[in-house]
Amino acid sequence: MIAIDQTQSWLDQHSLTQFSEPAWLSAQRAQALSRFEKIGLPGVRDEQWRYTNLRKLKSQALSVSSPANLGIELSSSNFVRLVFVDGHFDADHSSSIDQSGVHLSSLKHALDNQADLLETHFGASLPQDAHGFTELNTAFSQDGFVLHVAKNTAVDQIIEVVFVSQSKQSLSHTRNLIIAEANSQCTVVERHIGVPDAVYLSNTVTEVIAGDNAIVDHYKIQQESDEAFHMGAAFVKQANGSQVSNHNVALSGLVTRNDIVSDLLGGGAHMEMNGLVLGQGRQHIDNHTQVNHLVANCTSDEYYKSILDDQSRSVFRGRIIVAQDAQQTNADQQNNNLLLSDKAEADTKPQLEIYADDVKCSHGATVGQLDQTSLFYLKSRGINAGSARALLTFAFANEVIDRIKVDSIKNELTQLIAGELLSGLEDLV
Amino acid sequence: MLEIKNLHASVFDTPILKGINLSVNAGEVHAIMGPNGSGKSTLSNVIAGRDGYDITEGSIDYLGKDLSELEADERACEGIFLAFQYPVEIPGVSNMAMLKAAINSMRKYRGEDEISAGDFLKLIREKAALVEMKQEFLKRSVNEGFSGGEKKRNEILQMAMLEPKLALLDETDSGLDIDALKIVSDGVNALRAPDRAMVVVTHYQRLLDHIVPDYVHVLADGKIVKSGDKSLALELEEKGYNWIEGLQKAS
Amino acid sequence: MTDALAVQEQNKDLKELVKREYKEGFVTEIESETFEPGLSEDVVRRISAKKNEPEFMLEYRLKAFRVWQKMKEPDWAHIDYPKIDFQDIAYYSEPKQKPKLDSLDEVDPKLLETYERLGIPLEEQKMLANVAVDAVFDSVSVRTTFRETLSEAGVIFMPISEAVQEHPELVKQYLSSVVPVQDNYYAALNSAVFSDGSFVYIPKGVRCPMELSTYFRINEMNTGQFERTLIIADEGSYVSYLEGCTAPQRDENQLHAAVVELVAHKDAEIKYSTVQNWYPGDENGKGGIYNFVTKRGICKGDHAKISWTQVETGSAITWKYPSVVLQGDNSVGEFYSVALTHNKQQADTGTKMIHMGKNTSSTIISKGISAGHGQNAYRGLVKIMKGADNARNFSQCDSLLMGDRCGAHTYPYVEVQNPSANLEHEATTSKISEDQLFYLMQRGLNEEAAVSMIVNGFCKEVFRELPMEFAVEAQKLLDISLEGAVG
């Protein structure tokens, strides 16, 4: 069967005049669209996409859904919560935060109320060589969330944003901004979920601006439907002494791509990137990370792990760039892959690009199986082979989970992963 | 041999030594004691000429030469040896190769011929026996994979090989168990000589049970606050470093 | 203890060390017959005619030329150079006084002198007793030593141009069996115009009685060197092969695009070592060789082993990825590399290990040293195919930076399609440790000696893979190449 490229039909859904918006935003959208028209969607000939074939996605006829009522039940939460359904803000299921110096709202609302702030920051974190999905997002994003934390303010609650995709063949572009001013602190959890078996594309971009000494902990838990396409990006800009962490957990979805880029622009800034992939079925998960050490005295630490079963495939590209004069950089990156099935595949490209000399940079990558000695050890203690494997696999994943700072999220993920890997053995952990 | 006058020194621009006066003659063993952060290790690193350890005031005269004008390797060639608190690992460079290069570098400095392979082997075997070091260690990379005790023994072996005029032992006892401490001290004692001075930097008195000093100096906040003979070390052991704080306040 | 101040201080001191000289940079005044610059089907035919080649070779060349015409110069490597005008290069040059390879008396004395000066005497009595040399000068082989001794053992070691005449069946069978003409731009170009190189065949069960080596010399101006090396190790045989390369110091860039193919049959082992010291250009990046080389070996049979060792100190640009296709079960591939870039040199080098057979294993040890404005990239691929059960790979890529205007880059690719594989890749990048420097200086070594000692220690794992005589040579070369770079 020859698949027909349907991507033009996606564009036909939109017109740039659909938004009644400030002129600066319309101009940005027009620019993004014209860049998209030049570069189009990526293909496997593109070095950054050589392991990720989008043929299946491109053959999907997709359309933007109208706002509709939330069709699924969300579990209760102790966090402040915003809900988006097929890319539209769902005020009924969202709560609000009432803390001085903290503004959390939908992008549309923020455009009406914090236009100056958005004009300064919207789009400012995007890399020069953003790919087609990001350009599409800028051109057509219908909504998203904006969090603004004023100077010297620590948000006293965890903020949770749930993106639900429920309409079949839907197309949503969500755009989010986290602006943490100097000495502020916040924790944001993004969840991406979908109704089972639905085919859709969720294309989401989050920009993070961390001011001097700001602390931002950004979590993303991806539980899209097994037939879904998820294109995600986080673009981070960090000022002096800021500490940002990005935790990226991919549990489902058919084809997932994440681009996570951090620019370290001020001395003493630290970026931590953690990632966990649990690949099953025919899942394809492609994580592209990049840390740009642009000034001296910054540190970064990256830890990505994949556990791949069935016919799943994981792609990792981790790039550390140390610019000329970015002396005394300390950067480390690890990518470990566990293959559980003879049809699973792992491709990894750790990269160091270094133009300064007084640096300590390292990366390591491994692909392999569970350690035989450990397996034997557990078996010699009376644990059967299956349980021993499950336990060790769980332990492998847990090394990433352990780096999560928020206990409730850590517990939730531990339970989730235990559920996936340890069915029936949960009491062992 | 060593004449330190009103020495002020900074480590990467942070003032650490604040007016040290010390005079060491050939054949003498001086112990420098003091609490953590008092500047003990700084003093030995300044004398050895480590980068970033800068003299801001005062002088160090060694055998009539102003040390501040000499590079670290020139000071070594002049006979100053520093036994490191944390000996450095150098992968791929064998102990033997390094020592041979060091000996020849010093010989060249003195205008002598290079050591012959046979003499070198003979010398290193003899000296290795002194610190009870096995031959196989000599072929391994410098300090790589050595235990704490092996590293310190290796320092003393190097000292024995290079036969310095002034030996600075920086916290040589740290990380040593009692057996290793004995071997290392025996090695040091065997190297005591009328034409050789030693400066032993240590936090604890126990090393001085093995290497008995002629003089003991107590360092606090970058100054020598008290000097005496070996009994001072015992007094210090008994009264603790809090006693020093009292002395400081008094002065 | 590390600190920016001390670093700057040290950099300043180290930069003051003397400048390097390229002692192989002389030109041999010798009359040559050189083709006018330009490449066309006619030139390809003329090269073939010069060599008196059989029809199959001409066809092979023409096919390659046509493929090349349709290809584009690759641009993915981390190197930056002006576009090469392939019509501005002469594709063939040979000394006028044609040497007869059997007798030294008939070799132009100037050629003998050239090799003497390079430390490669071609008179057998002067040579290292256990090394046979094939000397290639511009486009032709001028002398192959110890041929009789070798032929007694059944080893064929001769210029490939002669092998085409004397062993056409072997050449026909193996040429481009590892590197197809369409493999890449430079391989296609080489296949069309290669003029000479070495041919080695080790018969079944023979352990080659001596080291074989080829010494490549570019002399003529505006001439490209396109040599072709083909080594076949039949079942159960062993050979160790070494190549060395130098060129005169010239302001113009010169192109060197070689292809090396290795075939190791069942239980055979090939050890291939390179000490590459082409003229690197001056400190401002003027002149130097553009070195675009395709090297690949195949472990065809079970338990075959191919080991590449390279010390790359020369060339303005190095683009080479000696690779191993591990087809036979239990076969082994190794890659040991030291690449040094100084001044404005650029290197993009690494390896590919393609695991196809079961229980195959590969090891990659890469040491990159960047100094001055040098840019040094490791690029490698380890691929485990579906059927490659129990494949093993260990990769270690370390970079040492000397000076704050150089670059070190690491681009490994790992593709695993079999769950029983075990792969480990590690990479580190750092500057020379000040602690190590101070430690050695405290022991009386001057800065230059201390740096040299640390750098040689850094490269130890690679040097010990080289044949003894060349390991010493490589160490010296590294010291010379680093002079004036330290910092």
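Me: How many aromatic pairs does the rule count over all chains?

Reply: The count comes to 28 aromatic pairs over all chains. Rings of Phe, Tyr and Trp (its six-membered ring) pair if their centres lie within 6.5 Å; planes under 30 degrees apart count as stacked, over 60 as edge-to-face and the rest as tilted. This is a predicted model, in which local features need pLDDT of at least 70 and side-chain atom pairs count only at pLDDT 80 or more, while totals for chains, interfaces and linings use all residues. Residues are numbered from 1 along each chain as its sequence is written, chains are lettered from A and ligands numbered from 1 in the order in which they are written, and side-chain values use heavy atoms, with hydrogens and water left out.

Me: Why is the pair of F12(B) and Y53(B) called edge-to-face?

Reply: The centres of F12(B) and Y53(B) are 6.4 Å apart, and the planes make an angle of 65°. The limits are 6.5 Å for the centres and over 60 degrees for this class, so the pair is edge-to-face.

Me: What makes this pair a tie between parts apart in sequence?

Reply: F12(B) lies in the loop between strand 1 (2-11) and strand 2 (14-24) of chain B, and Y53(B) lies in strand 4 (residues 53-62) of chain B, so the pair ties together parts 41 residues apart in sequence. Strands (E, at least two residues) and helices (H or I, at least four) are DSSP runs, numbered from the N terminus.

Me: How do you know that strand 1 and strand 2 of chain B pair?

Reply: Two strands pair if DSSP finds at least two bridges between them.

Me: What makes R50(B) and D435(C) a salt bridge?

Reply: A salt bridge is a side-chain nitrogen of Lys or Arg within 4 Å of a carboxyl oxygen of Asp or Glu. The closest N and O atoms of R50(B) and D435(C) are 2.8 Å apart, so the pair qualifies. The rule finds two salt bridges across the interface of chain C and chain B. Helix 9 (434-442) of chain C is among the elements giving two or more residues to the side that touches chain B, and helix 9 of chain C gives the most, with seven residues.

Me: What makes strand 19 of chain A and strand 23 of chain C paired strands?

Reply: Strand 19 of chain A and strand 23 (residues 422-431) of chain C pair in the antiparallel sense over eight bridges. At least two are required, so they count as paired. C361(A) has T429(C) as its bridge partner in strand 23 of chain C.
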